[in-house]
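Here are my notebook entries from a browse through this model.

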Amino acid sequence: MTRVLIADDQALLRGSFRVLVDSAPDLEVVGEASDGVEAVALTRREHPDVVLMDVRMPEMDGIEATRRICAETPVKVLMLTTFDLDEYVYAALRAGASGFLLKDTRPSDLLSAIEVVASGDALLAPSVTRRLVAEFARLPSGPVTRLAGVTAREQEVLALIARGLSNDGIAQRLHVGIATVKTHIGRLLHKLAARDRAQLVIAAYESGLVRPTAAD
């Protein structure tokens, strides 16, 4: 069972999310929080696998709550918001969030997103990805940094991750086996002190290894 904590300041939405999540046979709601302070406290106590985190909440917003949770625990955070804005996306991922979805996401897609994030993969809605790439495009260009100790092959894998390729896609592109790709990704996570693929994407762009293009 994947244990899920729901953090949202609207009781009606929390209740709706609980009913939806509990309807899945392999998901279980272990708590509800009405603000960021409560979300951090419940995460420490309940040890969920995934936190569904609203961005705008009283006392402490979802960005700061995510930062504290990710700094203290291996718990994955999936951000949910009605606000599809650049600063929230970038700040949430920098804080350690593994995914970012809008609240108008279809119920089935939300359940799938929880499972994706729980498995260690990153997840971003297409509109969110466009805004994230636009944010990176505004960063000043410079030499590749932060990649000391990362081999040439690992940089190839990192670049393909940043372009959105799956493990299968990377394996096909580099003509290697899935096990080899997973080994490279594991080493990248360790060397770059990244929690998951979302953090690897940020590292790829911020280091200058990958530049936003017109195609992005």
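How many residues has helix α5, and how far does α5 reach from its first C-alpha to its last? I find 12 residues (107-118) and a reach of 17 Å, close to the 16 Å expected at 1.5 Å a residue. That expected span is 1.5 Å times one less than the number of residues. Helices (H or I, at least four residues) and strands (E, at least two) are DSSP runs, numbered from the N terminus.

**Ground rules.** I note that this is a predicted model, where local features need pLDDT of at least 70, side-chain atom pairs count only at pLDDT 80 or more, and totals for chains, interfaces and linings use all residues. Residues are numbered from 1 along each chain as its sequence is written, and side-chain values use heavy atoms, with hydrogens and water left out.

**Confidence.** I looked up pLDDT, the predictor's confidence in each residue, from 0 to 100. The protein averages 83, and 83% of its residues reach 70 or more. A reminder to myself: where pLDDT is low, predicted coordinates should not be read in detail.

**Back to α5.** Which residues of α5 are buried? I list L110, L111, A113, I114 and V117. Seen down the axis of α5, these buried residues fall within an arc of 155 degrees, so they line one face of the helix. The arc is that of the directions from the helix axis to the C-beta atoms. Buried means under 20% relative accessible area, exposed over 50%, and partly exposed in between (1.4 Å probe, protein chains only). Just after α5, I see G120 with a positive phi of about 105 degrees.

Most residues other than glycine have a negative phi. H47, in the loop between α2 (36-46) and β3 (50-54), has a positive phi near 55 degrees. E59, in the loop between β3 and α3 (62-72), has a positive phi of about 70 degrees. Are they buried or exposed? H47 counts as exposed at 56% relative accessibility, and E59 counts as exposed at 71%.

**A helix pair.** I checked α2 against α3: they pack at about 20 degrees, with axes 9 Å apart.

**Last stop.** V157 sits in helix α7 (residues 152-162) and counts as buried at 0% relative accessibility. I find its C-alpha 9.1 Å from that of A171, 14 residues apart along the chain.

Key. Axes fitted to C-alpha atoms, helices over the stretch in contact; angles between N-to-C directions.
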